[in-house]
Amino acid sequence: MPSKRIIAFVMAGGQGSRLQPLTSVRSKPSVPFGARYRIVDFVLSNLVNSKIQTIYLLVQYKSQSLIEHVRKAWTISPLLQEQFVTVVPPQMIADRWFQGTADAVYQNIALIKDHRPDLVVVFGADHIYRMDISQMVDFHEANAADVTIAALPVPLKDARGFGVIAAGADGRIEAFEEKPANPSPMPSDPASAYASMGNYVFDAGVLVEALEQAQKLGETDFGGHVLPRLLRTHKLFAYDFSTNVIPGINDYETRVYWRDVGNIDAYFDAHKDVLGAQPTFDMFNPAWPIYSSGYQGPVAKVLGGQLRNSLLGAATVIHEGARITNSIIRRETVIEEDVELDECIIMDYVRIGRGARLKRVIVDRHNIIEPGDVIGFDAEADAKRFTVTEGGVTVVRGGQAGYFARANDLPGRVSYAV
């Protein structure tokens, strides 16, 4: 990557309504993923690993959980002025919240003018993936592009649900197609189309001018307004995400991995990709690490039981007789005697009572599952108490009544964090 001054804006204000009830008290980027991460950690890790370390995280919807996570996990260097992750709420220009992606950046246009970068990258915070963004920047520079948009090749039959990019053989964008009935195929693969990933590299001058014009025209969104207008006057290119090469990827992994975890079933299925001896997406990659909080509690403790193809977070306690299969247990969770968990995601600070049986269940944070409770075996009965998805996943929302009054009195549990 050329020695360019680059700043990043990360769109982290998403409501994530289709992830309810996991987003009832937090924004979508703040939703936990895997045994120790949040969704936002993936885009931030990609930026930092790509040596882009001047990062502004634009927040809006129920942002406190995300703010606290960034404060604890994402202090890059207090000594280097150009290396930071800073949370930026709406600036309330004209007394309004962020109205769209372009408006969010426009409300912070002063940051661009203050830094005077050569390039500005604008990325979303809603997906699970690895990406070397410096390779996209190299492509942008090699083509003397004004804007470059990351594009994911998808089968034509699936492209109807995406914003599609029609591009020439050199990647020069010719048209945008919003959820088209007949998507334009990729020049190199007639069976696939380019789906926009919502990740952009802008020439800084072009971006500032486009945002100021958008403000005058009442435009608020990059995909719906600004980029189609720029296409008439500027050079826009599609960067083929499938060409991105990440060091340290194993042969058994899906080399081009990108998952939209926009609803509960997709979120649940993505967790399967990190399990197994040869996972589709291996979270362990020292050459391209995914960073998160530096938790200071103890390691997991297994006192007995049977564990198969599962991940345990720090300070988890597994008691005698527990049987855990194909599950992910996050930190400071207690699994009591004779509990059965099959294909479950148990989030932080949860206690599963003796003899409880759970199958295809997500238990959100700060919960107590009563001894002997059975969840995930009768969808009709579960729907009266919890959320049950079309795919048959049961979700126990966070903060079950009585947790905070009882948790500290329960034996075998000492909390190291809130």
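Reader: Buried means under 20% relative accessible area, and exposed means over 50%. On that basis, are F33 and F42 buried or exposed?

Author: This is a predicted model, and in it both F33 and F42 are buried.

Reader: What is the geometry of the aromatic pair of F33 and F42?

Author: With ring centres within 6.5 Å as the criterion, the count comes to 14 aromatic pairs. In the pair of F33 and F42, the centres are 5.7 Å apart and the planes make an angle of 85 degrees, which is an edge-to-face arrangement.

Reader: Which residues do ring pairs link into a cluster?

Author: F33 and F42 belong to a cluster that also takes in Y37, Y257, Y267 and F281. The ring of F281 also has the charged end of R130 over it, 4.7 Å from the ring centre.

Reader: Where else does a charged end sit over the ring of a Phe, say F377?

Author: R357 places its charged end over the ring of F377, at 4.3 Å from the centre.

Reader: And how is the pair of F202 and F222 arranged?

Author: F202 and F222 form a tilted pair, with 40 degrees between the planes and 5.2 Å centre to centre. Because F202 lies in strand β11 (residues 192–203) and F222 in helix α8 (residues 222–231), the pair ties together parts that are 20 residues apart in sequence. F202 is buried at 0% relative accessibility, and F222 is likewise buried at 0%.

Reader: Turning to strands, how many residues of β4 are buried?

Author: In strand β4 (residues 54–58), 5 of the 5 residues are buried, so the strand is largely enclosed by the rest of the structure. T54, Y56 and L58 point one way, while I55 and L57 point the other way.

Reader: Which strand do 4 bridges join to β4?

Author: Strand β1 (residues 6–11) is joined to β4 by 4 bridges, and the two run parallel. Within that pairing, L58 in β4 is the bridge partner of M11. β4 also pairs with strand β5 (residues 84–88) in the parallel sense, over 5 bridges. There, V88 in β5 stands opposite L58.

Reader: In what order do the 5 strands of the open sheet lie?

Author: The order is β15-β18-β21-β24-β27, with parallel pairing. Its edge strands, each pairing on one side only, are β15 (306–308) and β27 (374–375). Inside this sheet, β18 (residues 323–325) and β21 (residues 340–342) pair over 3 bridges, and R323 stands opposite E340 in β21.

Reader: Why does the salt bridge of K359 and D342 tie together separate parts of the chain?

Author: Their side chains meet at 2.8 Å, N to O. K359 is in strand β24 (residues 357–359) and D342 in strand β21, so the pair ties together parts that are 17 residues apart in sequence. K359 is partly exposed at 27% relative accessible area, and D342 is partly exposed at 23%.

Reader: How many salt bridges does a search of the whole structure find?

Author: The search finds 20. One of them joins the side chains of R330 and D348 at 2.8 Å, N to O. R330 lies in the loop between β19 (328–329) and β20 (334–335), and D348 in the loop between β22 (345–346) and β23 (350–352), so this pair ties together parts that are 18 residues apart in sequence. R330 counts as buried at 4% relative accessibility, as does D348 at 1%.

Reader: Which residues do salt bridges that share partners join into one network?

Author: That network consists of D269, K272, E343 and R360.

Reader: What does I362 touch, leaving out residues up to four places away in sequence?

Author: I362, in strand β25 (residues 361–363), touches several residues, among them L22, I264, F268, I345 and V395. I345 is 17 residues from I362 in sequence, yet their C-alpha atoms are 4.7 Å apart. I362 is buried, at 0% relative accessibility.

Reader: Lastly, where is S24 found?

Author: S24 is in the loop between β1 and β2 (32–33), and it is buried with a relative accessible area of 13%. Its side chain makes a polar contact with the side chain of R397 at 3.2 Å. Not counting residues up to four places away in sequence, S24 touches K62 and R397.

How values were computed:
Residues are numbered from 1 along each chain as its sequence is written. This is a predicted model: local features need pLDDT of at least 70, side-chain atom pairs count only at pLDDT 80 or more; totals for chains, interfaces and linings use all residues. Side-chain values use heavy atoms; hydrogens and water are left out. Two strands pair if DSSP finds at least two bridges between them. Buried means under 20% relative accessible area, exposed over 50%, partly exposed in between (1.4 Å probe, protein chains only). Contact means heavy atoms within 4.5 Å. Rings of Phe, Tyr and Trp (its six-membered ring) pair if their centres lie within 6.5 Å; planes under 30 degrees apart count as stacked, over 60 as edge-to-face and the rest as tilted. A charge sits over a ring if NZ of Lys or CZ of Arg is within 6 Å of the ring centre and within 35 degrees of the ring normal. A polar contact is a pair of N or O atoms within 3.5 Å; within protein, one must be able to donate a hydrogen and the other to accept it, and residues adjacent in sequence count only if both atoms are side-chain atoms. A salt bridge is a side-chain nitrogen of Lys or Arg within 4 Å of a carboxyl oxygen of Asp or Glu.
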